[in-house]
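Me: I am new to this structure and would like to learn how to read it. Could you take me through a few features?

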Amino acid sequence: MYKVRTNIFAAAAIAVSAISLGGCATKDYVNQQVSAEDAKSQAYQSQTDQHLGQLDQSTKDALERATAAGKLAEGKFLYSMVLSDDSVKFPVDSSKLSPEAQQRLSDFADKLKSDNRNVYLEIQGHTDAKGPDPLNEQLGEKRAEAVRLFMNQHGVPLNRMATISYGKQDPVADNKTRHGRAENRRVVLIVMA
């Protein structure tokens with residue numbers, strides 16, 4: 001009986017030792033896993049912070065553009081200039097400014113600078129009705145952008161100008177005639193205070 005007790009006691013001691021050793025191994029394993037996850041978490045946090053920094057700059061840029069657009073929307077109309085007469089008409093499927101258009105725009109930029117007022121320009125690009133809608137939208141935007149870049153090269157700040165393409169949506173003449181289509185290929189500059 002003493003031997004049986006000794007064997008039971010020895011078996012119990014071995015079991016307790018195994019459990020306690022198993023607990024230590026489990027604790028070490030958990031610590032290793034936690035350390036690995038902490039490293040992953042820190043790397044992820046660093047990537048997230050970097051991405052948020054990029055988004056923050058994009059957000060600031062978008063806010064500046066929206067603020068400028070808001071000022072345009074709130075602005076009081078002062079006057080406008082239309083590039084569509086015979087000397088400055090845009091050729092079919094083109095956004096190139098003619099020498100006459102460049103001269104008129106240069107004079108217009110000089111007038112804006114001499115007025116010395118904080119004005120905003122909305123530059124609207126228009127096309128005739130020929131061609132598919134997506135192409136006309138792009139062409140209207142290219143025409144407006146060509147004028148915006150020219151105006152910027154002549155001293156008008158980019159943050160004071162916004163472009164919009166109306167494509168063929170807002171004709172001023174009949175698109176059934178050649179003369180009417182030529183009138184519709186235009187850029188309109190709206191000056192607002």
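Me: What does the accessible surface of the chain come to, and what percentage belongs to carbon and sulfur atoms?
Reply: Accessible areas come from the Shrake-Rupley method with a 1.4 Å probe, and for residues only the protein chains shown count as cover. Here the chain has about 12800 Å² of accessible surface, with 56% belonging to carbon and sulfur atoms. This is a predicted model, where local features need pLDDT of at least 70, side-chain atom pairs count only at pLDDT 80 or more, and totals for chains, interfaces and linings use all residues. Residues are numbered from 1 along each chain as its sequence is written, and side-chain values use heavy atoms, leaving out hydrogens and water.

Me: In what order do the elements of the chain run?
Reply: Helices (H or I, at least four residues) and strands (E, at least two) are DSSP runs, numbered from the N terminus. In this chain the order is α-β-α-β-α-β-α-β, giving four helices and four strands.

Me: Is T127 buried or exposed?
Reply: Buried means under 20% relative accessible area, exposed over 50%, and partly exposed in between (1.4 Å probe, protein chains only). T127 has 2% relative accessibility, so T127 counts as buried. T127 sits in the loop between β2 (120–126) and α3 (133–153).

Me: And where is I164?
Reply: I164 belongs to strand β3 (residues 161–167) and is partly exposed, at 30% relative accessible area.

Me: Which C-alpha atom is 5.0 Å from that of I164?
Reply: That of Q124, 40 residues apart from I164 along the chain.
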